[in-house]
Amino acid sequence: MKRLFCVAMIVGMVAMLSVGASAQVKKGKSRVLTTKQMMTGLIKPNCAGIGEGLKAAPADDKAWDDLATKAALLNESSFILMDDGRCPDGEWANASKALQDGSANVLAKIEAKDYAGAQEAFKGVTGSCAACHKAHKK
Ligand code: HEC
């Protein structure tokens, strides 16, 4: 039993090291965009823009369209997070999927001009940020 535990430990450590060596996290394998640039230039502004835009019910079609664009860009960013070998582990993958689903839900509510629904769905988006940051943002 003890021996089995040791073997499991070693296998676990080797797995962690190899993930560490191949994990990109800060950048993809071949493309130039760093994770930090993606966060500051794409993900944060669109997320903050939705948060701001949902503080009060959007006034007109233009305001709803603007929110739809932001939600769609956030949704696209969830795919970029999984691309180019950037994803290191399951926590990253789950958080990216939560961002993907959350932003798609927000977009659906925006397209239906459902203000309360969009506010509620937006919680799924911000939850995904927190989940990935807890595991991977140093
Ligand atoms: C799948 C993982 C993941 C998800 C999801 C994620 N982030 Fe990040 N984020 C990171 C990592 C990793 C860093 C640290 C990047 C670095 O410093 O190299 C980071 C850093 C940041 C930073 C700091 C950038 C800087 O200037 O150092 C901001 C702001 C940020 N994220 C916003 C967000 C917001 C808002 C969301 C949700 C809409 C989000 N992130 C979702 C992984 C993620």
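Predicted model: local features only at pLDDT ≥ 70, side-chain atom pairs only at ≥ 80, totals over all residues.

Reader: How many residues apart in sequence are Y115 and L54, and what is the distance between them in space?

Author: Such a pair is read by setting the two separations side by side. Y115 and L54 stand 61 residues apart in sequence, while their C-alpha atoms are 7.4 Å apart. There is also a polar pair to note: a polar atom of the Y115 side chain lies 3.4 Å from the backbone nitrogen of A56.

Reader: Which residues is G124 in contact with?

Author: G124 belongs to helix α5 as well. Apart from neighbours within four places in sequence, G124 is in contact with A98 and G102. Its C-alpha atom is separated by 9.5 Å from that of Q100, a residue 24 positions away along the chain. G124 counts as partly exposed because its relative accessibility is 35%, which falls between the limits of 20% and 50%.

Reader: Does S103 count as buried or exposed?

Author: The test is relative accessibility, with buried meaning under 20%. S103 has a value of 1%, and therefore counts as buried. This residue lies in helix α4, and beyond its neighbours within four places in sequence it is in contact with A71, L74, N75 and V125.

Reader: What does the secondary structure of the whole protein chain come to?

Author: The protein chain has five helices and zero strands. Read from the N terminus, the order of elements is α-α-α-α-α. Of its 138 residues, 29% count as buried. Among contacts with a separation of 6 or more, 66% join residues 24 or more positions apart.

Reader: Why does the end-to-end distance of helix α2 agree with its number of residues?

Author: One compares the expected span with the distance between the end C-alpha atoms. Helix α2 covers residues 35-53, a run of 19 residues; at 1.5 Å a residue it should span 27 Å, and its end C-alpha atoms are 25 Å apart, so the two agree. Even so, a kink of about 35° lies at I43, shortly before the proline P45.

Reader: Which residues of α2 are buried, and what do they pack against?

Author: The buried residues of α2 are T35, M38, I43, N46, C47, G49 and I50. The buried residues of α2 pack against α3 (61-82), α4 (90-111) and α5 (115-136).

Reader: How many residues does α3 have, and what distance does it reach?

Author: The method is that used for α2. Helix α3 has 22 residues and reaches 32 Å from its first C-alpha to its last, close to the expected 32 Å. Its buried residues include W64, L67, A71, L74 and N75. Among the elements that cover the buried residues of α3 are α2, α4 and α5.

Reader: How many residues surround the ligand, and which are the closest?

Author: The ligand is surrounded by 19 residues, the closest being M39, T40, C129, C132 and H133. In K26, an N or O atom of the side chain is 3.3 Å from a ligand oxygen atom.

Reader: Do C129 and C132 count as buried or partly exposed, and how many disulfides are there?

Author: C129, at 24% relative accessibility, counts as partly exposed. C132, at 13%, counts as buried. Disulfides are judged by whether two cysteine sulfur atoms lie within 2.5 Å, and the count comes to zero.

Technical notes:
Residues numbered from 1 in each chain as written. Heavy atoms only, no water. Helix = DSSP H or I, 4+ residues; strand = E, 2+ residues; numbered from the N terminus. Expected span 1.5 Å × (residues − 1). Bend = angle between axes of the 7 residues up to and from the residue. Buried < 20%, exposed > 50% of the residue type's maximum accessible area, 1.4 Å probe, protein only. Contact = heavy atoms within 4.5 Å. Near = heavy atom within 4 Å. Polar contact = N/O pair within 3.5 Å; in protein donor to acceptor, adjacent residues only side chain to side chain.
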